[in-house]
Amino acid sequence: MFLDLDNTVLDRTGAFRGWAVNFLDGIGAPSPDLDWLMSVDADGLTDRWDVADQIRDRYRLTASSVDLVDEMREGVVANSRLDPLVACALRIADDAGWVPVLVTNGATRQEDTTIRRTGLDRYVADWVISEEVGVSKPNPRIFTLAAERVRMRISGAWVVGDSPETDIGAAAEMGLPSVWLHRGRRWMESRFEPTATAGGFLPAMAAVLAG
């Protein structure tokens, strides 16, 4: 079972929001600026350096972009939490014979630290981070590497994630069933579609187990 990390197994948006609230409060920014910063972050899709530059420009900060990027990454890690119900669902999947492995795009140090600090490492068989292996989703190669790492074949696997392109698109290319976490969004892609759609991780696991 190939699982996305951010906004699938862990609430990355919530973790960023937690950091953002503390950061803005620390520099004396008005509370409505939280919406601005969340929009700049764009669910983590905006490059961290671009986010740092926009923060520096808006608030005329003397801190370097390097320091701001480090603060953001450390803040997201510090505010990341593993939902006990998610941990329980992963344990149930494991008991049912599934092999959960994380496949995530991102920086090795941040993602690895997040996985270990939240205790998620105790509930998955292994994980593969794009920066570490030099290939990113939706390239099928990263999933092949993940399967090799846990000594499993790709055939019969499911892909679970919140990204239409990097998760569901990759599953479609590999001919694998998938579950899309919609997070309040509508499916807009016409080239492929998920096998199932879920509003959160728990119903996503239920869909896989039922499938």
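A: Start with Lys 137 and Asp 4, which form a salt bridge, their closest N and O atoms sitting 2.8 Å apart in this predicted model. As a rule, side chains of opposite charge can pair when their charged atoms come close. Searching the whole structure turns up 11 salt bridges.

Lys 137 has something else going on. The peptide bond that joins Lys 137 to Pro 138 is cis, with omega at about 15°, and Pro 138 is found in the loop between α7 and α8. Most peptide bonds are trans.

Now for the sheet. This is an open sheet of 6 strands, ordered β3-β2-β1-β4-β5-β6, and the pairing is parallel. The edges are β3 (126–129) and β6 (196–198), each of which pairs on one side only. Strand β2 (residues 101–104) runs parallel to β3 and is joined to it by 4 bridges.

Zooming out, the domain assignment gives domain 1 as 2–11 + 81–210 and domain 2 as 12–79. Their centres, taken over C-alpha atoms, are 26 Å apart. Where they meet, 11 residues of domain 1 are in contact with 11 residues of domain 2. Together the two domains bury about 970 Å² between them, and 40% of that is on carbon and sulfur atoms. On the domain 1 side, Asp 11, Arg 81 and Gln 110 supply 47% of the area buried against domain 2, more than any other three residues.

There's charge pairing here as well: the count between domain 1 and domain 2 is 2 salt bridges. Elsewhere in your viewer, pick out Asp 43 and Arg 183, whose side chains meet in a salt bridge at 2.7 Å, N to O. As for polar contacts, 9 residue pairs are found across the interface of domain 1 and domain 2.

One last stop is the loop between α3 and α4, where Arg 60 lies. Arg 60 has a positive phi of about 50° although it is not a glycine. For context, most residues other than glycine have a negative phi. Leu 61 is found in that loop too, between α3 (48–59) and α4 (65–79). Leaving out residues up to four places away in sequence, Leu 61 touches Phe 23, Ile 55, Arg 56 and Leu 68. For a sense of distance, the C-alpha atoms of Leu 61 and Glu 173 are separated by 45 Å, and the two are 112 residues apart along the chain.

Definitions and conventions:
Residues numbered from 1 in each chain as written. Predicted model: local features only at pLDDT ≥ 70, side-chain atom pairs only at ≥ 80, totals over all residues. Heavy atoms only, no water. Pairing = 2+ DSSP bridges. Helix = DSSP H or I, 4+ residues; strand = E, 2+ residues; numbered from the N terminus. Domains from an automatic or database assignment. Contact = heavy atoms within 4.5 Å. Buried area = accessible area lost by both parts, 1.4 Å probe. Salt bridge = Lys/Arg side-chain N within 4 Å of Asp/Glu carboxyl O. Polar contact = N/O pair within 3.5 Å; in protein donor to acceptor, adjacent residues only side chain to side chain.
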